Amino acid sequence: MTKAIWAAAVAVGAHAGPALTTVAPLRVRFMPGLSGIGRRTHVALTFDDGPDPEYTPAVLDRLDTLSVRATFFLLGTQTAKHPTLARDIAAAGHEIGLHGYEHRSLLRRGPYATHRDLTRGRDVIEDLTGLAIRRWRPPYGILTGAGIVAAQRLGLTSVLWTAWGRDWTASATAESVLATVRRGLRPGGTILLHDSDCTSAPGSSAATVAALPQLVREIRGRGLDIGPLREHMSE
Ligand SMILES: [Zn+2]
């Protein structure tokens, strides 16, 4: 990654929270890999914040019925609490990535704490699933310079998203999730959803589970394949 791109990526991180959407078009244009832009005939489906005993099994069940594989960005804390669920995700053929050990904004963490969090999260997930972790998505999508350095040192590719369902809000419904994803949906894009409400409104992930069948139908109806990032990105 060149210095110019590093600086741009850090600038993205400086615009935390909802403001991230305002810089998304620039990010998509200048950092397509970071934004999750992949094959034009494909859409990547990703889930953050799991595993979760209430929602991960339901998501896995829906995906199995729909014959869809996805990428799950797991938390180290959740994986340590629910290792069997993490192994269930892997056994079902899904890709597993790292979301962090703890779900904390990197803006308040220095280089050492950032590197320690990513290393701890990766080690817990790899030890408990037996899979090698290749991708990382920072909590809240906030990418800092320390985060970029830590990910590079650990051989992790950073991936954000191009569309989300705002499925973390208390008012989320299947219809609202679908409508929000539709607004950002594009060939070659990456969708962010959640299979856990451990960092969001209690019960919000139920809307995600309910939205999945129609979402997959609509993507396939556009003539697009849907799958994990490993089938989406060139590297
Ligand atoms: Zn998250």
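The entries below go from the whole chain to the metal site, the core and a few side chains.

**Entry 1: the whole chain**

I began with a reminder to myself that this is a predicted model. I looked up the secondary structure and found 10 helices and 8 strands. The chain has 235 residues, and 55% of them count as buried. I then checked how far apart in sequence the contacting residues are. Taking contacts between residues at least 6 apart, 77% join residues at least 24 apart.

**Entry 2: the zinc ion**

Which residues coordinate the zinc ion? I found Asp49 through OD, and His99 and His103 each through NE2, at 2.1 Å. Along the sequence, these donors follow the spacing D-x49-H-x3-H. Aspartate 49 and histidine 103 link distant parts of the chain, being 54 residues apart. I placed aspartate 49 in the loop between strand 1 (42–48) and helix 4 (56–66). Histidine 103 sits in the loop between strand 3 (95–100) and helix 7 (111–129).

The cut-off I used for buried is under 20%.

**Entry 3: glutamate 95**

Next I went to strand 3, where glutamate 95 lies. I wanted to know why this residue counts as buried.

**Entry 4: the nonpolar core**

I turned to the largest nonpolar core, which holds 52 residues. Which members touch the most others? They are Leu45, Phe47, Leu63, Phe72, Ile191 and Leu193. Helix 10 (residues 205–221) gives this core its largest share, 7 residues. Another core lies apart from it, with 5 residues, among them Ala44, Phe73, Val159 and Met233.

Leaving out neighbours within four places in sequence, its contacts include Leu45, Phe47, Val177, Val181, Leu212 and Leu215.

**Entry 5: helix 8**

I checked helix 8 (residues 145–153) for burial. Ala146, Gly147, Ile148, Ala150 and Ala151 are buried there. Just after this helix, glycine 155 takes a positive phi of about 75°.

**Entry 6: the aromatic rings**

How many aromatic pairs does the whole structure hold? My search gave 3. I looked at tryptophan 164 and tryptophan 168, whose ring centres are 5.1 Å apart. Their planes meet at 75°, so the pair is edge-to-face. Tryptophan 164 counts as buried at 17% relative accessibility, whereas tryptophan 168 is partly exposed at 25%. Together with Trp161, these two form one aromatic cluster.

My last stop was tyrosine 101. The charged end of arginine 120 sits over its ring, 3.9 Å from the centre.

Conventions:
Residues are numbered from 1 along each chain as its sequence is written. This is a predicted model: local features need pLDDT of at least 70, side-chain atom pairs count only at pLDDT 80 or more; totals for chains, interfaces and linings use all residues. Side-chain values use heavy atoms; hydrogens and water are left out. Donors are N, O and S atoms within 2.8 Å of the metal (3.2 Å for Na, K and Ca); water is not among the atoms, so sites may look incomplete. Helices (H or I, at least four residues) and strands (E, at least two) are DSSP runs, numbered from the N terminus. Buried means under 20% relative accessible area, exposed over 50%, partly exposed in between (1.4 Å probe, protein chains only). A nonpolar core is a set of buried Ala, Val, Leu, Ile, Met, Phe, Trp, Tyr and Cys residues joined through side-chain atoms within 4.5 Å. Contact means heavy atoms within 4.5 Å. Rings of Phe, Tyr and Trp (its six-membered ring) pair if their centres lie within 6.5 Å; planes under 30 degrees apart count as stacked, over 60 as edge-to-face and the rest as tilted. A charge sits over a ring if NZ of Lys or CZ of Arg is within 6 Å of the ring centre and within 35 degrees of the ring normal.
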